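Colleague: I'm new to reading models like this one. Could we go through it a feature at a time?

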Amino acid sequence: MPEMPEHHDEGSAIASTGAGGATDLAMSEAETLEKAPGGPDGTGPEKKARSLWSDAWHDLRRNPVFIISGLVILFLVVIAIWPQLIASGNPLDCDLSKAQEGSQPGHPFGFNGQGCDVYTRTVYGARASIEVGVLSTLGVTLLGSVLGGLAGFYGGAWDGFLSRITDIFFAIPVVLGGLVLLSVVSNNTVWPVIGFMVLLGWPQISRIARGSVITAKQNDYVQAARALGASNSRMLLRHITPNAVAPVIVVATIALGTYISLEATLSFLGVGLKPPTVSWGIDISAASPYIRNAPHMLLWPAGALAVTVLAFIMLGDAVRDALDPKLR
């Protein structure tokens, strides 16, 4: 029999099926499928691709470690700026008649060896410790990022020279260096301690920044910008730095807690902050001879120091997990 010609309406589309037949779809239905949000699979509207930073913030907001550590750090920063909000006394007002006494009404943490209120001194001690930690981290990050970034970008003799300098600084023990350098300083402010930490802390950030810049400048978009005639400053600031800064931020966040504990260690050894500055390290050093008779003198400042360092380390771990694509 002669095959009958197949007639199709002008406004129809033919979609082949797996069985070899044909299914006629009206053109209006085909257009509807193409224009439907998310495509014909019905999965909903397509999501716009997020950047690294927006994706990291999306993960951080859902990370309980980040939320808890962030709230603790926010509380510590607030009392460091305005300690009078929760402590109405003066940390330098002392009464020798109450020396080493325990908890009393209005003095929940008791008194230290000089008769000073331990609660008030613990609250006011947050200011010096956080100030040293934050300013040291900012100085180390700025200096190390600039030197390491330039070395990684330009390479050559500058890179070799900086590598040898960092090797020298890595060979200096931090605590021993503090004992030597700060023992000759008579200034009672926080600036000598901050300067010492920046001096010995920048090589670590420098090496992280150098490696990140070397990796970033090999990407195709940097090579394309170079081929289009972009200047070195434009490539470094617009294309390399935004994509190389994540590892630096992670290391700096974790290091902040380390600098706070280092300040307490140097103050405990007598070469860091000095009285009348109120510091957890100073109070821990003063309370250590009385740990058997009056353990409360040591417990509260040491506990505050431990909570602060732990909060910053937890924050750094959460930021690392959010910014490291290998952990996704």
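Colleague: Where in the chain is the place of Gln100?

Modeller: Look in the loop between α3 and α4. Those names come from DSSP runs numbered from the N terminus: helices are H or I runs of at least four residues, strands are E runs of at least two. Before we go on, this is a predicted model: local features need pLDDT of at least 70, side-chain atom pairs count only at 80 or more, and totals for chains, interfaces and linings use all residues. Residues are numbered from 1 along each chain as its sequence is written, and side-chain values use heavy atoms, with hydrogens and water left out.

Colleague: What is the phi of Gln100 near?

Modeller: Here's the general idea: most residues other than glycine have a negative phi, and most peptide bonds are trans. Gln100 has a phi near 65°, a positive value, and it isn't a glycine. Gln100 is also partly exposed, at 29% relative accessibility. Buried is under 20% relative accessible area, exposed is over 50%, and partly exposed is in between, using a 1.4 Å probe and protein chains only.

Colleague: And which peptide bond is cis?

Modeller: Go to the bond from Pro275 to Pro276, which is cis with omega near 10°. Pro276 sits in the loop between α9 and α10.

Colleague: Let me step back. How many helices and strands does the chain have?

Modeller: There are 11 helices and two strands. Of the 328 residues, 38% count as buried.

Colleague: Pick a helix for me. How far apart are the end C-alpha atoms of α3?

Modeller: They are 26 Å apart. The expected span is 1.5 Å times one less than the number of residues, so the 18 residues of α3 (residues 64-81) should span 26 Å, and that agrees.

Colleague: Now Thr166: buried or exposed?

Modeller: Buried, at a relative accessible area of 2%. Thr166 belongs to helix α5 (residues 156-170), and its side chain reaches the backbone oxygen of Ser163 at 2.7 Å. If you skip neighbours within four places in sequence, Thr166 is in contact (heavy atoms within 4.5 Å) with Trp202, Pro203, Ser206 and Arg207.

Colleague: What joins the side chains of Ser279 and Glu263?

Modeller: A polar contact of 2.9 Å. That term means a pair of N or O atoms within 3.5 Å; within protein one must be able to donate a hydrogen and the other to accept it, and residues adjacent in sequence count only if both atoms are side-chain atoms. Ser279 lies in the loop between α9 (232-268) and α10, and it is buried at 0% relative accessibility. Leaving out residues up to four places away, Ser279 touches Gly125, Ser129, Glu263, Ser267 and Leu273.

Colleague: Which residues lie nearest the centre of the second largest pocket?

Modeller: Asn112, Gln114, Arg121, Asp283 and Ala286, out of 20 lining residues. Two or more lining residues come from each of α4 (118-154), α10 (280-287) and α11 (296-323). The biggest giver is α10, with four. On a 1 Å grid over the protein atoms alone, a pocket is an open set of points with protein on both sides within 12 Å along at least five of seven lines, a cavity is a set where a 1.4 Å probe fits but cannot get out, and lining residues have an atom within 4 Å of a point.

Colleague: And which residues line the largest cavity?

Modeller: Leu182, Val185, Asn187, Thr189, Pro192, Val193, Val271, Gly272 and Lys274 do.
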